[in-house]
Amino acid sequence: MTNKLVIKDMSLILNFRMFFRQMSVFVVVSGIGWLIDLSVFFLLTNQFALNVFYSNILSSIPGFTFVFVVSTNKIFKKDTSNLSLKQRYLIYFIYQIILVLTVSLIGQLLFQVSCSFFESFNITVSNTKFI
């Protein structure tokens, strides 16, 4: 009985180690994806003078695509779904676009509210272009 308990405890420890390793690598990969997103965002807004809303949407695509590709190929190799890689990416892409649009709209709303608030005190916040 104690041998079974020891083996079961070891498998739990090994599973936890694998899970912790996957999550640690995913955090690093996500950080790299965020850096890609931020770099493209600054390029679009500063070099091409694209407004912030559209820059945020366009810059997010290479970032989350990088995270998806690396995560599916290197981190989470085991696939338990019946969906193809293209189908999973399409679902992920739609989810990310909805998320980015929502966050962009909320961010724009908060920016406009804060600009109105500061303008009531005759404080200029920014001359950045938005929609």
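Is Gln-22 buried or exposed, and what is its relative accessible area? Gln-22 is buried, with a relative accessible area of 16%, where buried means under 20% relative accessible area, exposed over 50% and partly exposed in between (1.4 Å probe, protein chains only). The legends below describe a predicted model, in which local features need pLDDT of at least 70, side-chain atom pairs count only at pLDDT 80 or more, and totals for chains, interfaces and linings use all residues. Residues are numbered from 1 along each chain as its sequence is written, and side-chain values use heavy atoms, with hydrogens and water left out.

**View 1. The whole chain.** The chain has three helices and zero strands, and its elements run α-α-α from the N terminus on. Helices (H or I, at least four residues) and strands (E, at least two) are DSSP runs, numbered from the N terminus. Of the 131 residues in the chain, 21% are buried. Contact means heavy atoms within 4.5 Å; among contacts between residues at least 6 apart in sequence, 61% join residues at least 24 apart.

**View 2. Gln-22 and Asp-37 in helix H1.** Gln-22 is found in helix H1, which covers residues 2-47. Leaving aside neighbours within four places in sequence, Gln-22 is in contact with Ile-75 and Phe-76. Asp-37 is also found in helix H1 and is buried, with a relative accessible area of 18%. Not counting residues up to four places away in sequence, Asp-37 touches Ser-59, Ser-60 and Gly-63. The side chains of Asp-37 and Ser-59 make a polar contact of 2.7 Å. A polar contact is a pair of N or O atoms within 3.5 Å; within protein, one must be able to donate a hydrogen and the other to accept it, and residues adjacent in sequence count only if both atoms are side-chain atoms.

View 3. Ala-49 is found in the loop between H1 and helix H2 (52-75). The phi angle of Ala-49 is near 55 degrees, a positive value in a residue other than glycine. Ala-49 counts as partly exposed because its relative accessibility is 43%.

**View 4. Aromatic pairs.** Rings of Phe, Tyr and Trp (its six-membered ring) pair if their centres lie within 6.5 Å; planes under 30 degrees apart count as stacked, over 60 as edge-to-face and the rest as tilted. By this rule the count comes to eight aromatic pairs. Phe-16 and Phe-20 form a stacked pair, 6.2 Å centre to centre and with 25 degrees between the planes. Both residues lie in helix H1, four residues apart, about one turn of the helix, and both Phe-16 and Phe-20 are exposed. The rings of Phe-64 and Phe-93 have centres 5.6 Å apart and planes at 65 degrees, so this pair is edge-to-face. The pair links distant parts of the chain, with Phe-64 in helix H2 and Phe-93 in helix H3 (residues 85-119), 29 residues apart. Phe-64 is buried, with a relative accessible area of 6%, whereas Phe-93 is partly exposed at 25%. Ring pairs link Phe-64, Phe-68, Tyr-89, Tyr-92 and Phe-93 into a cluster.

**View 5. The packing of H2 and H3.** H2 and H3 pack at an angle of about 145 degrees, with their axes 10 Å apart. Axes are lines fitted to C-alpha atoms, for helices over the stretch in contact, and angles run from 0 to 180 degrees between N-to-C directions. Residues of H2 including Phe-53, Ile-57 and Phe-64 meet residues of H3, among them Leu-85, Tyr-89 and Phe-93.
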